[in-house]
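Here is a short briefing on aromatic rings and the nonpolar core. Look over the sequence and the model first.

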Amino acid sequence: MKNKYTYVWVSLIVLIFGIIFIPRIVDRIQSGTVVENDRMNVKDNSGALSYIEFNGEKRRVPTFSLVNQDSLVITEKDYRGKVYVVEFFFTTCPSICPIMNKNLVEIQEEFKDFQNFGVASFTINPEYDTPTVLKKYAESYGITNIDWHLLTGSHEEIYDLANNGFNIFAAQTPNAPGGFEHSGLFALIDKKGFIRSRVDDFGNPIIYYRGTISESEGENEQGEKEQIAILKEDIKKLLEE
């Protein structure tokens, strides 16, 4: 008898749930309205690139005024109307920088027919990386895009730009290879100067792209996947906006 009453109560609860909640769920699906928690674990398949936000505001490239490999003063305004990739590097880097810049040269070749594509390479060793040094470095890597500027200037400005402006870590560390430590990440900037990226499988922006693994390599020894292929795809999306 007890089992019979238990069965009746369970059936009643299921019936009440169906009467109250199912119509609400159907209405929300039909109207397309979802709350933030509903989206936390849903992949964004729209294809649009996310804006990176800080304190509720879309993050722009910070202002800067630096000198390039041709001794010309370059500011963030020179990149307006262009899609470009940002990196932090130094010419005497014995580890990740050669990989990063080979990847960027590959991207340069991919978009060589686009006049509104560029690269901004900020040296984190400005005392050594003079315009003359940067010019030789550009020639040795086959950097030909006129909007690929290798930039040097004030140590304080560059490190503030890296660590506070972009939140891409850079530091002078005597025990690190070459005396400097940095993340090896690329930032992608749209034509209006906003930092953009695709989202991951959970709908969160990846923010920056891994620049230290080549597309042909696929993944590194730690099992991290290359992101040059998706960076190319996302550059194309921004060029089409």
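Phe-122 is buried, with 0% relative accessibility. Buried means under 20% relative accessible area, exposed over 50%, and partly exposed in between (1.4 Å probe, protein chains only). The model is predicted: local features need pLDDT of at least 70, side-chain atom pairs count only at pLDDT 80 or more, and totals for chains, interfaces and linings use all residues. Residues are numbered from 1 along each chain as its sequence is written, and side-chain values use heavy atoms, leaving out hydrogens and water.

**Aromatic rings**
- The structure holds eleven aromatic pairs. Rings of Phe, Tyr and Trp (its six-membered ring) pair if their centres lie within 6.5 Å; planes under 30 degrees apart are stacked, over 60 edge-to-face, and the rest tilted.
- Phe-64 and Phe-122 pair edge-to-face, at 5.2 Å centre to centre and 90 degrees between the planes.
- Phe-64 is buried too, at 4% relative accessible area.
- Ring pairs join Phe-64, Phe-88, Phe-122 and Phe-166 into a cluster.

**Charges over rings**
- The charged end of Arg-59 sits over the ring of Phe-54, 4.6 Å from its centre. This term requires NZ of Lys or CZ of Arg within 6 Å of the ring centre and within 35 degrees of the ring normal.
- Arg-196 has its charged end over the ring of Tyr-51, 4.0 Å from the centre.

**Nonpolar core**
- The largest nonpolar core has 54 residues, and Phe-64, Phe-88 and Phe-122 are among those touching the most other members. Such a core is a set of buried Ala, Val, Leu, Ile, Met, Phe, Trp, Tyr and Cys residues joined through side-chain atoms within 4.5 Å.
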